[in-house]
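Subject: Handover of a structure and findings

Dear colleague,

Please find the structure below.

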Amino acid sequence: MKKAENSMKLYLPSLSINESMARSAVSVFIAQLNPTIEEISDIKCAVSEAVTNSIVHGYKFNPGEIYIGVKYFSDRTVVIEIKDKGCGIEDVKLAMTPLFTTDKTGERSGMGFAVMQTFMDRLEVWSKKDKGVRILMEKKLK
Amino acid sequence: MSITIEICKKKLIFNPHFTTEFSSSKYYNIEKRKVKAVFDNENPQIAFENGILSAKILGDIDHHCAKFVRERIDSYIFEYKPSVVLLDLSSVDFMDSSGLGLILGRYNTASEIGAEFRICSPSSGVKKVLELAGIERIIKIEGDLRV
Ligand SMILES: Nc1ncnc2c1ncn2[C@@H]1O[C@H](COP(=O)(O)OP(=O)(O)OP(=O)(O)O)[C@@H](O)[C@H]1O
Ligand SMILES: [Mg+2]
């Protein structure tokens, strides 16, 4: 693997108020690559989805830590890694199905993974029950 | 070389260049404004006229502010029993899937009292999320009422 040109690591407590902090910090960091407005907006949305999932589903509003790592390479590929140590996902494939949600309040659409998948070029999710979730997303900027 | 930001644990290893860039950036200002809007009891701005209840959401729609916006709109819907509920997105620059939940949830509340539900003026970024979920198949999206 090539060496990253620049990288950033961010550790955040799983508070919902940090959702905007997370996506803003990532967007300011990748602004160094002079992305288009659409690229920034896509990446902010994907980060917001992953971080919100960690807070809502992973930690179920209990205190925990969320890790966000961002790297970019000379070919303008941005790689974002997001990890939590929450309850994990038993069936990742099922969870990633559009409209699938375990939410019972009727206020979630089950479209978070679909957003990440559509707005980024590559999405990989690793998880096991009680072992947290690790997400890797990649987007090549124009 | 990497920049490590730790919130709450006070282990801040900031690149000075990054710090200035971050604090002066427009993104940061948007977030500050948003937090204020959430707590000053004005988001969303509600207007009621000719049976139309319009709710103008200010700032980003994410999971954090969705709860407050949802409760405020629902309480007005039940209080005013409008015939049309209009969700004005002209001041929303960012929305994630929490916004989809918010919209579908308000559509359900409006349907409960027999009101028609519409959305208007989504930005291009917001429109992209709405289209991904196929919202326009269920809910009428009015064009750009932005000034
Ligand atoms: N970090 C996580 N930890 C544990 N479970 C998760 C995590 N992320 C996702 N899930 C599970 O995967 C499901 C689907 O996630 P997705 O983001 O697609 O939809 P949602 O969060 O339920 O709804 P939406 O994102 O539209 O508000 C969730 O309902 C949850 O059960
Ligand atoms: Mg989600």
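Helices (H or I, at least four residues) and strands (E, at least two) are DSSP runs, numbered from the N terminus. In these terms, B:P44 lies in the loop between helix 2 (26-39) and strand 2 of chain B. A cis peptide bond, with omega about 0 degrees, joins B:N43 and B:P44.

This is a predicted model, in which local features need pLDDT of at least 70, side-chain atom pairs count only at pLDDT 80 or more, and totals for chains, interfaces and linings use all residues. Residues are numbered from 1 along each chain as its sequence is written, chains are lettered from A and ligands numbered from 1 in the order in which they are written, and side-chain values use heavy atoms, with hydrogens and water left out.

Chain B holds an open sheet of five strands in the order 2-3-4-5-6, with mixed pairing; two strands pair if DSSP finds at least two bridges between them. Strand 2 and strand 6 (140-142) of chain B are the edge strands, each pairing on one side only. Strand 2 (residues 45-49) and strand 3 (residues 52-56) of chain B run antiparallel and are joined by five bridges. They form a hairpin with two residues between them, and B:N50 in the turn has a positive phi of about 50 degrees. Strand 5 (residues 116-120) and strand 6 of chain B pair in the parallel sense over three bridges, and B:R118 has B:K140 as its bridge partner.

In chain A, the loop between strand 4 (122-127) and strand 5 (133-140) contains A:D130, which has a positive phi of about 65 degrees although it is not a glycine.

Kind regards
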